[in-house]
Amino acid sequence: MVGYEHRYAAMYFGSNSKDKGKMNQAIDILFTNALVLTMDEKLTQFSPGAVAVRGDQIAAVGPEEELKKQFKAKETFDCGGRILMPGLVNAHTHVPMTLLRGLADDLRLDVWLMGYMMPVERKFVSPEFVRLGTALACAEQIRSGVTTFNDMYYFEADVAQAASEAGLRAVCGQTVMKFPAPDADAYEDSFAMARDFIEKWKDHPLIVPAIAPHAPYTTTPEILHSSAELAMEFDVPLHIHISETGLEVENMRRDNGMPVVPYVKKQGLLEAKVIAAHCVHIDPGEMRTLKHAGAGVAHNPSSNMKLASGFAPVQKMLETGLNVGIGTDGPASNNDLDMFEEVRLASFIAKTISNDPTVLPAQTALTMATRLGAQALHIGHLTGSIEAGKRADLIVVDVSAAHNSPQYRRDPNNAYAQIVYSGKSTDVSDVMVNGKWLMRAHKLLTLDEESLVKEAGAIAKKIDAFLIEREQSVLSKLIALGGSMEEESFEVQVKLKITEPDRVVQALKRPEIEITAFKHYRQFDNYFFFEEDSQGSLRIREDDLVNEKNETLNVRSRLTLIGQKSEESWDGMCCSPAAASWRPPHRPCAFIENTSSRRKSWRSKKTACAGTSDIKIRNSS
């Protein structure tokens with residue numbers, strides 16, 4: 001058998017420039033004495049290998065002796081037999097949420113999101129918050145060998161600023177939603193911010209700006225279509241959550257008669273360079289659709305497990321030919337940014353759900369975290385592998401520690417197995433991005449980690465105080481109800497007192513009025529009142545939909561928190577504030593019961609509503 005070192009010393013990739021083959025070419029840094037894992041399409045290795053860096057680019061990679069002869073370096077970095085490989089690519093995250101890490105855990109996704117994350121974000125997220133959270137995340141990611149991350153959050157220009165100052169490469173997606181956000185009161189504002197952000201940051205050496213419509217269920221067809229048009233106008237990526245939970249897919253089928261991927265395709269979204277996060281619940285047909293559209297996928301194993309979202313069909317996606325990267329998701333739902341952990345889990349989960357230990361081997365998992373991840377982000381021409389002409393995004397990994405000893409080298413795949421199955425983020429000793437050092441011998445060079453940790457602690461104390469006060473409110477407790485679901489509704493009511501409702505009903509039966517739709521509800525209301533007026537009141541309403549034969553067709557229940565009464569009148573008109581509604585799991589007893597019967601009719605020319613009400617007030621038992 002040919003020896004390992006001899007077999008790989010015969011391989012050589014040099015500079016593609018006209019200077020290839022010339023001796024004593026000037027370069028900035030020559031990495032030597034390394035086991036080089038290029039992570040290129042052939043998974044080429046060199047041992048002992050070397051990498052030449054000129055400026056921000058890789059000038060050459062190959063056997064150490066060959067490169068020593070060809071290049072004259074200002075600095076030689078002796079890797080000491082450690083592994084030299086491309087930096088890891090975190091394919092999906094929300095980095096400012098480092099400041100929300102540990103805020104609320106072990107909760108259902110809707111309770112976690114609506115009850116804690118979004119209220120805190122509305123209160124605290126600002127440009128300063130985002131910059132601090134991003135800087136803290138950059139420190140964590142550099143230490144764990146991440147050189148590129150793909151982000152989606154608010155105030156994304158500040159994420160970009162903090163990331164570039166730290167020296168990391170990033171795809172930064174400005175969030176767009178149909179709801180008010182911390183950085184925008186309306187969709188139009190977020191869209192304008194996205195355009196401005198893309199215009200200012202396009203062609204930056206480290207930052208790739210993007211637009212990020214949050215998800216199909218938090219946007220509208222108009223938002224998805226406009227986002228795709230903006231992404232195509234500037235030729236930038238579009239980052240979106242796709243099919244993260246089974247409920248999302250179920251709702252999409254119910255409301256639109258199709259799965260999520262066909263829905264977004266219908267809106268023109270797949271015309272853009274899409275980065276689809278999660279894709280936990282997609283079928284083979286949807287995989288082929290994404291493949292044909294050139295979309296990339298970001299797999300997030302820890303987050304999907306922690307939030308019980310399910311297991312993504314990663315092996316099937318890879319077999320389909322999709323570029324699938326690996327991400328950490330946000331540090332509030334993981335709760336760290338450790339890509340070594342994610343790569344290991346990605347491999348283990350694929351083996352478990354397939355009941356096949358040969359599925360997603362170590363070399364494939366590590367490829368997903370490097371070259372495939374970069375391709376999924378549509379920046380594979382820039383980074384993800386050690387090849388001449390690509391950016392010098394490199395990490396040095398020490399595999400000699402007790403937890404990774406001994407080392408076997410008879411099979412070249414042993415090196416990948418060491419990193420994936422027994423490697424740890426703390427094994428990363430040195431990090432370079434775009435030809436510049438960000439960490440040397442475990443020491444961060446672009447960030448003051450101690451100061452960042454101290455500032456984050458001060459923010460946590462403020463958020464704690466806010467939540468302690470907030471958790472005394474009825475609204476917060478409602479959100480935490482098991483089985484409840486928040487809904488939004490908008491309505492304008494014009495009410496007139498009808499002294500003779502029967503006359504109105506008879507008028508609707510006139511031959512010149514065509515009835516095109518008819519609904520008749522019986523409503524049963526129960527009210528809770530609290531000692532403190534500031535808590536408002538609760539209404540539990542049961543709507544019984546009945547037909548013309550007075551038969552019940554459907555029953556629905558809603559729980560509504562009504563704020564303090566605040567009405568104003570203008571020339572006989574009355575305006576009241578809106579209430580927030582939830583569907584409850586159970587119907588409690590009440591203090592006031594209100595029973596009414598409402599009939600609604602729609603006609604082709606005019607609209608009218610007639611109803612009768614029979615109100616009963618009683619004391620609760």
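1. Ala-276 has Val-297 as its bridge partner in strand 12. Strand 12 covers residues 296–299, and three bridges join it to strand 11 in parallel. Two strands pair if DSSP finds at least two bridges between them. Strands (E, at least two residues) and helices (H or I, at least four) are DSSP runs, numbered from the N terminus.

2. This is a predicted model: local features need pLDDT of at least 70, side-chain atom pairs count only at pLDDT 80 or more, and totals for chains, interfaces and linings use all residues. Residues are numbered from 1 along each chain as its sequence is written, and side-chain values use heavy atoms, with hydrogens and water left out.

3. Strand 11 spans residues 273–278. Five of its six residues are buried, so the rest of the structure largely encloses it. Buried means under 20% relative accessible area, exposed over 50%, partly exposed in between (1.4 Å probe, protein chains only). Strand 10 (residues 237–242) runs parallel to strand 11, with six bridges. Here His-241 stands opposite Ala-277.

4. What covers strand 14 (residues 394–397): one face or both? Both faces are covered. Leu-394 and Val-396 are buried on one side, Ile-395 and Val-397 on the other. In a regular strand, side chains alternate between the two faces of the sheet.

5. Strand 14 has antiparallel pairings. Four bridges join it to strand 5 (residues 83–86), where Ile-83 partners Val-397. Four bridges also link strand 14 to strand 15 (residues 428–433), and Leu-394 partners Met-432.

6. Glu-222 lies in helix 7 (residues 221–234). It counts as exposed because its relative accessibility is 52%.
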